[in-house]
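Please walk me through this structure. I would like the local details tied to the elements around them.

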Amino acid sequence: MIACVAVVGHQNNPLYLQSFTEADDALKLHHIVHCSLDVIDERVNNPKKSGTTLNEAFLGLLYPTENYKIYGYLTNTKVKFILVTTDLDVKDADVRNFFRKFHLAYVDAVSNPFHVPGKKITSRTFAERVSNIVNTFWLNTAV
Amino acid sequence: MGREVSESCVDSLVIEMVSAYCNRFYASKPELAAPRIEAIGYQVGHQLSERYTIERPRFSDHLEAIKFICKDFWSELFKKQIDNLKTNHRGTFVLQDNRFRWLTRVSIDPSPANTDLSQEPSLATDESKTAQATSMHLYFPCGIIRGALSNLGIPCAVSADISNLPACSFVVRIKA
């Protein structure tokens, strides 16, 4: 069950944050996303030879908290995607698939000539596409 | 999501954009047209670099990013790669395209074999006028390169050199 997805720009400025559970506090999710930015910076600046390859976009599981798992993805343009999920057994391949579709939706949203780079993404189409991606993710893992 | 237009439409649009900015929007202040066109190119390059770097591993250094511009980015835009890349290893790169697509329709003034002395001053101004008109068409691609590199985290300044048409060289100076 995905709790929230976030897009953070290359200056660590938030571009998009969408939560999918009513129960949880939005502030807590903001806080989790913020902490995960530090983990991403650490991972990118000190590459560990074991595990992730040096230049891959998908960063994998960033850090587990007691209720959530946080996955990260860093694009070539230093834009970070963060996925917070409450599922305890999520397959890596599913998350990679999710980020791939999410990346495509993000690129389409940013290619909008009325979008100002660096400002928040306000496109309704993007929000709809993200909801669709989240719903299909949930269906896939529920099986 | 996948609508396409013909290449000639894009070429004509670029030519008309330069003409509109130089002759209509900024007719009284021509020196303002160039930075405006370059800014449009910057935004286009910014957005295109987002799209063309999907599914690619991250670049480890500046040279990798420039090579990406020369090969994949240029072939997505113009269906060919940059023909020659030179660098001084101190932050300056020269990207040479031997047949730049947006300049193939620009006429090249043949240099006359015998110049009449009385005509020389007007010839010189004619040449500089054509050079200036041609250079207006280069602000857009310079902006595209600058936008793409800035999005990859490399602030730079890009200028173009058209000493022998239709070959065109783009000089990229990385800001330290």
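Just after helix 5 of chain B, B:G153 adopts a positive phi of about 90°. Helices here are DSSP runs of H or I with at least four residues, strands are runs of E with at least two, and both are numbered from the N terminus. This is a predicted model, in which local features need pLDDT of at least 70, side-chain atom pairs count only at pLDDT 80 or more, and totals for chains, interfaces and linings use all residues. Residues are numbered from 1 along each chain as its sequence is written, chains are lettered from A and ligands numbered from 1 in the order in which they are written, and side-chain values use heavy atoms, without hydrogens and water.

Helix 5 of chain B covers residues 139–151. Of its 13 residues, 10 are buried, so the helix is largely enclosed by the rest of the structure. Buried means under 20% relative accessible area, with exposed over 50% and partly exposed in between (1.4 Å probe, protein chains only). Among the buried residues are B:F140, B:I144 and B:L149. Their cover includes helix 1 (7–25), helix 2 (33–52) and strand 4 (168–174) of chain B. Contact means heavy atoms within 4.5 Å.

Strand 4 of chain B also joins strand 2 of chain B, antiparallel, through 6 bridges. Two strands pair if DSSP finds at least two bridges between them. B:Q96 has B:S169 as its bridge partner in strand 4 of chain B. B:N84 stands opposite B:Q96 as well. Strands 1 and 2 of chain B pair in the antiparallel sense over 4 bridges. They form a hairpin with 4 residues between them, and B:H89 in the turn has a positive phi of about 55°.

Conventions:
The expected span of a helix is 1.5 Å times one less than its number of residues.
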